[in-house]
Amino acid sequence: IALCVDAVTDPLMGTISDRTDTKYGRRHPYMMISFIPMSLGYILLFAPRQDWDMSQNDLFIWMTLFTILTRLGMTLFDIPHRAFGGEITKDYQERTLLMSWREMIAWVAGLSNAFLGYGIFFASTPEYPQGQLNPDAWFPFALTGAVIMVITVLYSSLTTKDHNKNLSKWTGAITLNQIIKELKIALGNKSFLIFFFGNLFLSLAWGLSNTLTLFVNTYFWEFEATQIKYFLPIYLIATLLAFYITPRIVKILEKRTIVLIAIAGVGFLSPAAFIMYNLGLTPEKGSLELVLFISFFLVFLITLNVMGIMVRDSMIGDIADEVELQSNKRQEGILFATVGFMQKLNAGLGSFFAGQVLNIINFDRSNHTAEQAYTLAFVQGPMTTVLMIIPFLIFLGYSLSQRRHNQIISSLK
């Protein structure tokens with residue numbers, strides 16, 4: 001349901017921010033107020049307690065309302081923020097560096113949040129050896145996350161507002177017919193359509209795998225929360241490696257080539273540990289040796305995944321330049337709205353299809369079978385590889401090269 005709301009609010013936010021004209025620029029007015037719905041929705045999402053005596057219908061309504069509120073706050077910040085980044089520079093390689101910084105900071109922030117969870121709030125106790133199953137730990141975790149959101153959103157918004165002075169402003173009439181005409185040009189762009197559908201299927205594949213990760217780690221590999229947190233430094237190392245490699249490799253290879261390598265690499269590595277398990281080559285379940293064994297594959301998998309994200313984010317800025325050449329309008333907002341929506345789609349589709357998998361096998365956390373846990377590991381591993389074939393084939397058709405982009409920038413001048 002929340003994802004259906006995003007399907008409306010994300011492109012709407014992109015369209016509105018493209019056409020906003022204030023002394024604070026096109027993007028910053030929305031970024032500055034986004035922390036209000038974002039933080040409130042996030043806190044209230046984790047507020048319900050067992051002693052509230054809520055029915056399943058009550059809980060469903062509560063979760064739906066505050067998931068929507070949280071995502072609305074994310075929309076208000078994320079889409080204008082991405083569009084703002086796409087406007088700052090039109091240089092093909094510099095844009096990749098900028099988006100690499102953005103993605104690196106986002107991953108470090110996410111990992112820090114995960115560390116707070118697994119390292120502090122979800123620490124194992126005698127009553128809850130798997131601390132993430134402790135119901136009393138979630139609200140303090142949410143409250144801490146909300147405070148961090150408020151601080152970082154305001155810091156980012158206030159420290160970048162002076163960069164609006166030299167950016168483009170919207171000109172021309174703002175009528176429904178004109179908006180529809182301009183959106184058709186932007187969303188009908190060939191490069192954009194390839195990017196959109198490639199990311200759509202990537203969101204399905206990676207979202208499903210990512211959503212099942214906690215289930216697989218907990219019920220198949222039999223890790224405790226204190227062991228799962230050991231993966232966090234691996235994610236951090238991989239993110240920093242991607243940040244180091246991506247701006248350099250884009251000077252050598254085309255962005256399309258890097259994306260294809262990233263997709264192929266993720267598809268190849270996703271089932272590696274599962275295959276090794278079936279060959280009898282993995283350490284004992286629940287052991288520290290197994291954590292280290294999986295980490296070896298994980299560091300390469302996450303590095304390639306983050307590299308792909310960094311490059312794809314910079315592609316949207318290149319596409320915006322091509323759209324400007326076709327329509328004489330800067331429409332980063334609506335184009336970057338697709339990226340923001342895809343990230344939510346990643347979680348939304350992942351949760352939906354993971355839920356379907358859990359329902360199909362009748363998975364019960366407190367009374368699951370070894371066969372059910374094996375099925376989850378199979379879906380998270382080999383099934384991800386199969387699903388990665390589709391976006392790989394789609395991105396083969398992407399043709400906005402550096403040479404073509406340089407020609408576009410020369411024409412715009």
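A crossing of two helices is called left-handed if the near helix is turned anticlockwise from the far one by less than a right angle, and right-handed if it is turned clockwise.

## Basis of the description

This is a predicted model, in which local features need pLDDT of at least 70 and side-chain atom pairs count only at pLDDT 80 or more, while totals for chains, interfaces and linings use all residues. Residues are numbered from 1 along each chain as its sequence is written, and side-chain values use heavy atoms, with hydrogens and water left out.

Helices are DSSP runs of H or I with at least four residues, numbered from the N terminus. Two packed helices are described by the angle between their axes and the distance between the axes.

## Helices α4 and α6

The axes of α4 (residues 56-88) and α6 (residues 138-160) come within 12 Å and cross at roughly 35 degrees, where axes are lines fitted to C-alpha atoms over the stretch in contact and angles run from 0 to 180 degrees between N-to-C directions. This crossing is left-handed.

On the α4 side, Phe77, His81 and Phe84 meet Val153, Ser156, Ser157 and Thr160 of α6, contact meaning heavy atoms within 4.5 Å.

## Helix α13 and its two partners

Helix α13 (residues 288-327) and helix α16 (residues 402-412) have axes that come within 10 Å and cross at roughly 45 degrees, and α13 and α16 are therefore oblique to each other (under 35 degrees counts as roughly parallel, over 145 as roughly antiparallel, 65 to 115 as roughly perpendicular and the rest as oblique). The crossing of α13 and α16 is left-handed. Residues of α13 in this contact include Asp318 and Asp321, and those of α16 include Arg404 and His405; by class, the contact has four nonpolar, two polar and five charged residues.

With helix α5 (residues 92-121), the axis of α13 comes within 8 Å and crosses at roughly 130 degrees, in a right-handed sense. The contact includes Tyr92, Met99 and Trp107 in α5, and Ile302, Asp318 and Asp321 in α13; its residues divide into eight nonpolar, five polar and five charged.

## Helix α15

The 26 residues of α15 (residues 370-395) should span 38 Å at 1.5 Å a residue, and the end C-alpha atoms are 38 Å apart, which agrees; the expected span is 1.5 Å times one less than the number of residues.

Key: Helices (H or I, at least four residues) and strands (E, at least two) are DSSP runs, numbered from the N terminus. Ala, Val, Leu, Ile, Met, Phe, Trp, Tyr, Cys and Pro count as nonpolar, Asp, Glu, Lys and Arg as charged, and the others, Gly among them, as polar.
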